Amino acid sequence: MALNPEFIGRTYPAGPSYVVGREKIREFARAVGDANPAYLDPQAAQALGYPDVIAPPTFAIVLSLEAANAALFDPELGLDYSRVVHGEQSFAYTRPIHAGDELIVTTVIENIRSMAGNDMITTKGVITTVDGEPVATATSMLVSRGEDA
Amino acid sequence: MTSTVRFADVAVGTELPEASFAVDRLTLVKYAGASGDFNTIHWNERIALEVGLPDVIAHGMLTMAEAIRVVTDWVGDPGAVIEYGVRFTRPVAVPDDDSGATLAVSAKVTELLEDSCVKVAITCKSQDQTVLGRAQAIVRLA
């Protein structure tokens, strides 16, 4: 089923804030096997000029994909999530996320297009602190594989 | 940010130290828990085969997380990475054996930018096949 192109440009307001925990960052870093001290040791992170341990570059996906679900599971959009694969991902950082941050994510549907029987949807998660300080953006392109593709 | 690499010391073509990263079924379980991505194709072989995959496959975001380590290990301060993007072009099958899969990652500087920034192109292979497309990062050097 083709996605509804009228959804391009639609914005989904931020849900509840996400408080970034030091142990969550450590858990994420250990899961990917990355022992960079900036992720694990608050003193090492402070020596680099950060208030606490910082998150690995891809950590923002934990917030952004959760926030994007508001858009992706919008029944009027018509996305069959069981056929979805991750096509592209990019991040742009104003600054790294660090432990103690209280963040919110606003999601925008940037693009919807169809190609070779597949539907492609691009969402952009704009991540800020609850006080409105810009932190990062996370752009995800998901592919919904067509029945015949 | 305090990169340990100086802008003045790099040129287009500068190669970053290569690295390889092992990904086995335990890695996938840990990443699922840490990231909250519990999609069954990353831990359930029956479901993975049912939807036409060759085996349980690694989370694309796990591959993306491993690939950037070549850059963050090079610059020291991971906060020096100001942009990072990839395309997921081929799934990484993770067999249920003692070795799992291996990601071989290399990278080189492809462009010198303003503000002491450089563009780095990353190559990530599993079983000699490229698994990420157009993988690149922008890094601010000292």
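**Exercises on a two-chain predicted model**

Chain A contains four helices and six strands, where helices (H or I, at least four residues) and strands (E, at least two) are DSSP runs numbered from the N terminus. The model is predicted: local features need pLDDT of at least 70, side-chain atom pairs count only at pLDDT 80 or more, and totals for chains, interfaces and linings use all residues. Residues are numbered from 1 along each chain as its sequence is written, and chains are lettered from A in the order in which they are written.

**Exercise 1.** Describe the build of chain A.

*Solution.*
Step 1. Read from the N terminus, the order of elements is β-β-α-α-α-α-β-β-β-β.
Step 2. Along the principal axes, the C-alpha atoms of chain A fill a box of roughly 55 × 35 × 20 Å.
Step 3. Of the 149 residues in chain A, 38% are buried (20 or more other C-beta atoms within 10 Å of the residue's own, with C-beta atoms placed from the backbone; 12 or fewer is exposed, in between is partly exposed).

**Exercise 2.** Work out which parts of chain A touch chain B.

*Solution.*
Step 1. Count residues in contact (C-beta atoms, placed from the backbone, within 7 Å): 28 of chain A against 27 of chain B.
Step 2. Assign them to elements: α1 (22–31), α4 (61–72) and β3 (84–93) of chain A each give two or more residues. The largest share, eight residues, comes from β3(A).
Step 3. Sort this side of chain A by type: 15 residues are nonpolar, eight polar and five charged. Nonpolar here covers Ala, Val, Leu, Ile, Met, Phe, Trp, Tyr, Cys and Pro; charged covers Asp, Glu, Lys and Arg; the others, Gly among them, are polar.

**Exercise 3.** Trace the strand pairing from β3(A) into chain B.

*Solution.*
Step 1. Strands pair if DSSP finds at least two bridges between them. β3(A) runs antiparallel to β2 (residues 81–88) of chain B, with five bridges; A:Ser90 stands opposite B:Gly85.
Step 2. β2(B) in turn pairs antiparallel with β6 (residues 132–140) of chain B over six bridges, and B:Glu83 faces B:Ile138.
Step 3. β6(B) is also joined by six bridges to β4 (residues 117–126) of chain B, again antiparallel, with B:Cys117 opposite B:Arg140.

**Exercise 4.** Locate the largest nonpolar core.

*Solution.*
Step 1. A nonpolar core is a set of buried Ala, Val, Leu, Ile, Met, Phe, Trp, Tyr and Cys residues joined through C-beta atoms within 7 Å. The largest has 84 residues, and B:Val71, B:Ile122 and B:Val139 have the most contacts inside it.
Step 2. α4(A) supplies the largest share of this core, seven residues.

Methods:
Two residues are in contact if their C-beta atoms, placed from the backbone, lie within 7 Å.
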